[in-house]
Amino acid sequence: RTATITIASDDSDEATYTFLVQGNGLGAPEVEIRGGTTPTAITLGDLNPDAGDGTSFGNFPLSGTPTSPHTFTVHNLGDASLTLSAINKAGSNPSDSLITAISATLPATIPAGGTLTFDIAFDPTGQGSRSAWITVVNSDSDEGNYLFAVDGFATTPPAMAVRGISININNGDFNPGSVGNHTHFADVPTC
């Protein structure tokens with residue numbers, strides 16, 4: 001770009017001083033993170049997880065098996081490359097949120113207009129409300145630590161007990177032999 005600078009002065013032989021300046025603007029990266037089945041932007045600093053943007057995993061049984069992962073997409077909306085250096089977890093229950101996949105090895109460079117994805121699954125280690133903060137560390141000058149919260153609610157799976165006349169019948173008991181718990185029918189006449 002080129003511009004003309006004009007400086008007025010009270011100098012008798014140079015009342016107006018005029019000159020040209022020229023420079024080339026440098027592009028800048030601009031990060032945005034989206035999640036959910038209909039990708040929705042997650043606001044920087046969003047500490048209120050929502051199912052719509054994929055940050056809330058809802059109710060899930062405490063089972064030792066993680067949920068299906070939720071995919072998050074890092075978009076570079078700027079006109080220069082964005083460097084993504086880390087994805088960190090913190091908060092109340094960071095071990096309950098598993099980063100299960102990243103589409104590139106970190107640090108990674110995302111070109112202008114490009115994207116990178118990462119997946120998070122919920123694998124609760126305790127009952128009740130469970131939450132964590134995710135921070136995507138990147139080279140955006142004003143959003144370099146892109147923080148948002150994820151959460152889920154861990155429920156206790158229902159327990160099942162099978163009894164025969166108030167006596168427990170163990171799961172996998174393939175050896176009927178106790179008339180007392182009604183797993184052995186003794187001799188039954190056939191017709």
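**Close-up 1. Arg-34 and Glu-32 pair up through their side chains in this predicted model.** The two meet in a salt bridge, with 2.5 Å from N to O. How exposed is each partner? Arg-34 comes out as partly exposed, at 25% relative accessibility, while Glu-32 has 19% and counts as buried, because the cut-off for buried is under 20%. A search through the whole structure turns up 2 salt bridges, and Arg-34 with Glu-32 is one of them.

**Close-up 2. Asp-96 forms a salt bridge with Arg-130.** Here, too, the closest N and O atoms sit 2.5 Å apart. Asp-96 belongs to the loop between S7 and strand S8 (97–102), and Arg-130 to strand S11, so this pair ties together parts that are 34 residues apart in sequence. Both ends are tucked away: Asp-96 is buried at 1% relative accessibility, and Arg-130 is buried at 14%.

**Close-up 3. Ile-33 sits in the largest nonpolar core.** That core has 22 residues, and the members touching the most other members are Ile-33, Phe-72, Val-74, Phe-118, Ile-134, Val-136 and Phe-148. Elements giving two or more residues to it include S3, strand S5 (56–61), strand S6 (70–76), strand S11 (128–138) and strand S12 (145–155). Which element gives the most? That would be S10, with 4 residues. Zooming in on Ile-33, its contacts beyond four places in sequence are Thr-40, Ala-41, Ile-42, Phe-72, Thr-73, Val-74, Val-136, Tyr-146 and Phe-148.

**Close-up 4. Pro-29 lies in the loop between strand S2 (16–22) and strand S3 (31–35).** Is Pro-29 buried or exposed? Buried, with a relative accessible area of 16%. Leaving aside residues up to four places away in sequence, Pro-29 touches Asn-76, Gly-78, Ala-80, Ser-81, Leu-82, Ser-139 and Asp-140.

**Close-up 5. Ile-7, Tyr-17, Phe-19 and Val-21 make a nonpolar patch on the surface.** Together these four have about 340 Å² of accessible area. S2 is the main contributor to the patch, giving the most with 3 residues. Val-21 is found in strand S2 and, at 35% relative accessibility, counts as partly exposed.

Technical notes
Residues numbered from 1 in each chain as written. Predicted model: local features only at pLDDT ≥ 70, side-chain atom pairs only at ≥ 80, totals over all residues. Heavy atoms only, no water. Buried < 20%, exposed > 50% of the residue type's maximum accessible area, 1.4 Å probe, protein only. Contact = heavy atoms within 4.5 Å. Core = buried A, V, L, I, M, F, W, Y, C linked by side-chain atoms within 4.5 Å. Patch = residues over 30% accessible without salt bridge, like charges linked within 9 Å, V, L, I, M, F, W, Y side chains within 5 Å. Areas by Shrake-Rupley, 256 points an atom, 1.4 Å probe, with all protein chains shown as cover.
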